[in-house]
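Hi,

Here is the structure I promised to pass on to you. Please have a look at it first; my notes on what turned up follow below.

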Amino acid sequence: MIRVLFVCLGNICRSPMAEAIFQDMVNKAGLSSKIMVDSAGIGSWHVGERAHNGTLEILTKNKISYDGRARQIERVDLDKFDYVLAMDREVLQYILRNGTGAQAEITLFLTYAKLAGAVTGDEVPDPYYDNSFDRAYSLIQRGCAALLDSIRQSEGV
Ligand code: 4NP
């Protein structure tokens with residue numbers, strides 16, 4: 001099993017959106033028995049809550065369901081998961097600071113899409129502050145497609 005964890009600040013806007021979109025792509029590729037998907041936040045403010053309405057609305061508009069609840073990342077996640085993908089540099093730096101000796105490959109989520117030429121930046125701006133859920137969706141959709149391509153190639157699935 002290949003394990004993929006998306007991480008943002010609160011686990012209510014960006015990382016649940018990525019989890020839902022990536023899970024949908026994995027399902028459609030017939031890879032749900034090979035790739036396991038989850039998300040978490042570095043903060044504890046929203047633990048137990050459903051995703052932000054802006055995230056749920058744009059997912060519904062795109063016919064993707066999501067019923068996960070927010071959780072906080074734990075050190076053990078960094079050994080349990082193969083890929084730990086941070087939505088921005090602040091999140092990446094937090095994970096790296098707390099991840100000495102981790103087994104996972106820990107990178108910025110958009111690294112793969114940037115390498116593929118699908119996006120120009122490498123951070124997903126936080127829609128929590130400016131309601132930019134459309135922009136987040138577009139970036140995350142491209143990020144997930146490039147990530148799945150890369151995993152399929154490097155893991156041979
Ligand atoms: P997210 O957005 O990291 O994409 O889930 C945020 C959600 C909540 C907060 C910040 C960012 N907060 O400060 O509560």
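Let me start with the ligand. A backbone N or O atom of N11 lies 3.3 Å from one of the ligand's oxygen atoms. Please keep in mind that this is a predicted model. The side chain of H46 also takes part, with an N or O atom 2.8 Å from a ligand oxygen, and a polar side-chain atom of Y128 sits 3.5 Å from an oxygen atom of the ligand. On its own the ligand has 360 Å² of accessible area, and the protein covers 92% of that.

Which residues are around the ligand? They are C8, L9, G10, N11, I12, C13, R14, W45, H46, D126, Y128 and Y129. Sorted by class, this shell holds seven nonpolar, three polar and two charged residues.

Now to the fold. Four strands form an open sheet in the order β2-β1-β3-β4, and their pairing is parallel. β2 (35-41) and β4 (105-108) are the edge strands; each has a single partner, so one side of each lacks a neighbour in the sheet. From one strand to the next, the twist averages 20 degrees.

β3 (residues 83-86) and β4 run parallel and are joined by four bridges, with A86 opposite L108 of β4. Helix α4 (residues 89-97) packs on the sheet, where it touches β1, β3 and β4, and its direction makes about 160 degrees with that of β4. Helix α1 (residues 14-28) lies across β1 (2-8) and β2, running at about 175 degrees to β2.

Best wishes

Terms used: Residues numbered from 1 in each chain as written. Predicted model: local features only at pLDDT ≥ 70, side-chain atom pairs only at ≥ 80, totals over all residues. Heavy atoms only, no water. Pairing = 2+ DSSP bridges. Helix = DSSP H or I, 4+ residues; strand = E, 2+ residues; numbered from the N terminus. Axes fitted to C-alpha atoms, helices over the stretch in contact; angles between N-to-C directions. Contact = heavy atoms within 4.5 Å. Near = heavy atom within 4 Å. Polar contact = N/O pair within 3.5 Å; in protein donor to acceptor, adjacent residues only side chain to side chain. Areas by Shrake-Rupley, 256 points an atom, 1.4 Å probe, with all protein chains shown as cover. Nonpolar A, V, L, I, M, F, W, Y, C, P; charged D, E, K, R; others polar.
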